[in-house]
Amino acid sequence: MGITIHYRGKIDRINDVAQLSTEIKEYADILQWDSRQWKENWNLPNSAALEKNKDGLALSGHIPIRGISLFPDPNCEPLFLTFCRDGTMASSMNMVIMAEKDFDSDGIWLSTKTQFASTDIHISIIKLLRFVKSKYVSDLEVRDDGRYWESGDAANLEERFQRIGAAIDSLPGALNLIPQKELKNKTPEEIADFIENMIKRKFGK
């Protein structure tokens, strides 16, 4: 739950990945965002995996993507402008899933949750994605929970941040009101779906 930007696309010219990375790095530096350049070997097989260590989970194996990932804010998920060998956008986690489930990159979506950062961060990411679409990924699709991509309405975005933030703050109390009989004999997936639907009915989105 929380405002998230979903996006997918395929770079128009695969040879432009390095140029995109350079230009986006300049953008990130101006905004004082951390970034990581990905220059992995596209010709090696995907062996991306998540492994447990003393600090939790860490990526391991070969992750065949190139491009750049951005870290706009400690409270915002990373933005991945990274690509598979065929030019399709894919994050490191996308590659883990593809390695585990053995399916190709067609139709995969990337996502960046901004709910716990700020509307300024959200707007900056959307503006960056507009630039990427205009110059590098002409078929870029964006689904913006904040609706700023479609409307450019900052006031509406702020209202949605506040409303959903209030819903999240109220969530523990709301969950305590769920009758235990409603959850009895349900699978974890069914419980998650039930809670999500309850949140939508109570708070909207």
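Guide: Start with Thr-114, which, apart from neighbours within four places in sequence, is in contact with Ile-3, Thr-4, Ile-5, Cys-76, His-122, Ile-125 and Phe-161. Contact here means heavy atoms within 4.5 Å. The model is a predicted one, where local features need pLDDT of at least 70 and side-chain atom pairs count only at pLDDT 80 or more, while totals for chains, interfaces and linings use all residues. Residues are numbered from 1 along each chain as its sequence is written, and side-chain values use heavy atoms, with hydrogens and water left out.

Visitor: Where is the place of Thr-114, and does Thr-114 count as buried or exposed?

Guide: Buried means under 20% relative accessible area, exposed means over 50%, and partly exposed is in between (1.4 Å probe, protein chains only). Thr-114 has 0% relative accessibility, so it counts as buried. Its place is in the loop between E7 and helix H3 (119-135). Such labels are DSSP runs, numbered from the N terminus: helices (H or I) have at least four residues and strands (E) at least two.

Visitor: How many helices and strands does the secondary structure of the chain come to?

Guide: The chain has 7 helices and 8 strands. Of its 205 residues, 41% count as buried. Among contacts between residues at least 6 apart in sequence, 66% join residues at least 24 apart.

Visitor: Which strands pair with E1?

Guide: Two strands pair if DSSP finds at least two bridges between them. Strand E1 (residues 4-8) runs antiparallel to E7, joined to it by 4 bridges, and Thr-4 has Lys-113 in E7 as its bridge partner. E1 also pairs with strand E8 (residues 141-144) in the antiparallel sense, over 4 bridges. There, Ile-5 is partnered by Asp-144, and His-6 stands opposite Arg-143.

Visitor: Where do the side chains of E8 point?

Guide: They alternate along the strand.

Visitor: How should I read a salt bridge?

Guide: Side chains of opposite charge can pair when their charged atoms come close. The cut-off puts a side-chain nitrogen of Lys or Arg within 4 Å of a carboxyl oxygen of Asp or Glu. The structure holds 5 salt bridges. One of them joins Arg-8 and Glu-141, whose closest N and O atoms are 2.9 Å apart. This pair links distant parts of the chain, with Arg-8 in strand E1 and Glu-141 in strand E8, 133 residues apart. Glu-141 has a relative accessible area of 35%, so it is partly exposed.

Visitor: How far apart are Glu-159 and Arg-163 in helix H5?

Guide: They are 4 residues apart in helix H5 (residues 154-176), which means a separation of about one helical turn. Glu-159 is partly exposed, with a relative accessible area of 37%, and Arg-163 counts as partly exposed at 29% relative accessibility.

Visitor: What describes a pair of aromatic rings?

Guide: The distance of the centres and the angle of the planes describe it. Rings of Phe, Tyr and Trp (its six-membered ring) pair if their centres lie within 6.5 Å; planes under 30 degrees apart count as stacked, over 60 as edge-to-face and the rest as tilted. A search of the whole structure finds 3 aromatic pairs. In one of them, the rings of Trp-38 and Phe-80 have centres 6.3 Å apart and planes at 50 degrees, so the pair is tilted. Trp-38 lies in strand E2 and Phe-80 in strand E6, so the pair ties together parts 42 residues apart in sequence. Both Trp-38 and Phe-80 are buried. The rings of Phe-131 and Tyr-136 have centres 6.2 Å apart and planes at 75 degrees, so that pair is edge-to-face. Phe-131 counts as partly exposed at 30% relative accessibility, while Tyr-136 counts as buried at 2%.

Visitor: Which residues are buried in helix H2?

Guide: In H2 (residues 92-101), the buried residues are Ser-92, Asn-94, Met-95, Val-96 and Met-98. They pack against strand E2 (34-39), strand E3 (49-53), strand E4 (56-60), strand E6 (79-83) and strand E7 (110-113).
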